[in-house]
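Please read the numbered points below with the sequence and the model at hand.

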Amino acid sequence: MKITREIKTERLVIRKFERGDFEAFHNFMTDPEATKYLLFSDEQKTENEIRELFDYTINSYSEDMDAVSFAIAIKNTNDYIGSVGYAPDFNGKDIQIYWSINREFQNNGYATEATKALLQNLKSQSEKKIRAYCHIENASSEAVAKKVGMKNLGILFIKEIAQESRVFET
């Protein structure tokens, strides 16, 4: 399964990352408040590691990768404000999705708008279940999952990441 074109919503474009997105991506990765619920180690937030992750993401579009990350950009300016993506679920048969919005753009409904569009696109290509894993203290992420119509399966221990997560599913 592959999303091969941009997804446009009322206010956003979900597109491949572009080189010009690096500064805003870097700002997100080095913002402790924005990344506090994400599974990035301190080492992954160093200059070299941020650059490597960014380059890896851009290079992944030319390969047949199962895990794909897209930039969320404001439609009329093309400014990067966050990301959304998908990967194989931990069980190996379903899909997991994620979303993140740079802190200065949070609380505007962008995560919900982008996630809803991604879900619709994925559902049109596959009948697999789609899951989202939210840190148990991340009420904002939990609200997004609920707003896009995902069912709350409760808090489960996820052995692959060695922590409890609130799990949502379509």
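Predicted model: local features only at pLDDT ≥ 70, side-chain atom pairs only at ≥ 80, totals over all residues.

In which loop is Asn78 found?

1. Asn78. This residue is found in the loop between β3 (68-74) and β4 (80-88). Its phi is positive, at about 65°, although Asn78 is not a glycine. With a relative accessible area of 31%, Asn78 is partly exposed, because that class lies between the limits of under 20% for buried and over 50% for exposed.

2. Asn107. A positive phi also occurs at Asn107, a residue other than glycine, where the value is near 70°. The residue is found in the loop between β5 (95-101) and α3. Its relative accessibility is 76%, so Asn107 counts as exposed.

3. Helix α3. This helix covers residues 110-125, which makes 16 residues. The buried residues in α3 are Tyr110, Ala111, Thr112, Glu113, Ala114, Thr115, Ala117, Leu118, Leu119, Asn121 and Leu122.

4. Geometry of α1 and α2. Helix α1 (residues 22-29) packs with helix α2 (residues 47-60) at an angle of about 125°, and their axes are 11 Å apart. The two helices are therefore oblique to each other, because an angle counts as roughly perpendicular from 65 to 115 degrees and as roughly antiparallel over 145. The crossing in which α1 passes α2 is right-handed.

5. Residues joining α1 and α2. On the α1 side, the contact is made by Phe22, Phe25, His26 and Met29. They meet Glu47, Ile50, Arg51, Leu53 and Phe54 in α2. Six of the residues in this contact are nonpolar, one is polar and two are charged.

6. Ser165. Strand β8 (residues 163-169) holds Ser165. Is this residue buried or exposed? Its relative accessibility is 2%, so Ser165 counts as buried. When neighbours within four places in sequence are left aside, Ser165 is in contact with Tyr133, Cys134 and Ile136, and also with Gly154, Ile155, Leu156 and Ile158.

Terms used. Residues numbered from 1 in each chain as written. Heavy atoms only, no water. Axes fitted to C-alpha atoms, helices over the stretch in contact; angles between N-to-C directions. Helix = DSSP H or I, 4+ residues; strand = E, 2+ residues; numbered from the N terminus. Parallel < 35°, antiparallel > 145°, perpendicular 65-115°, else oblique. Left-handed = near helix turned anticlockwise from the far one by under 90°. Contact = heavy atoms within 4.5 Å. Nonpolar A, V, L, I, M, F, W, Y, C, P; charged D, E, K, R; others polar. Buried < 20%, exposed > 50% of the residue type's maximum accessible area, 1.4 Å probe, protein only. Expected span 1.5 Å × (residues − 1).
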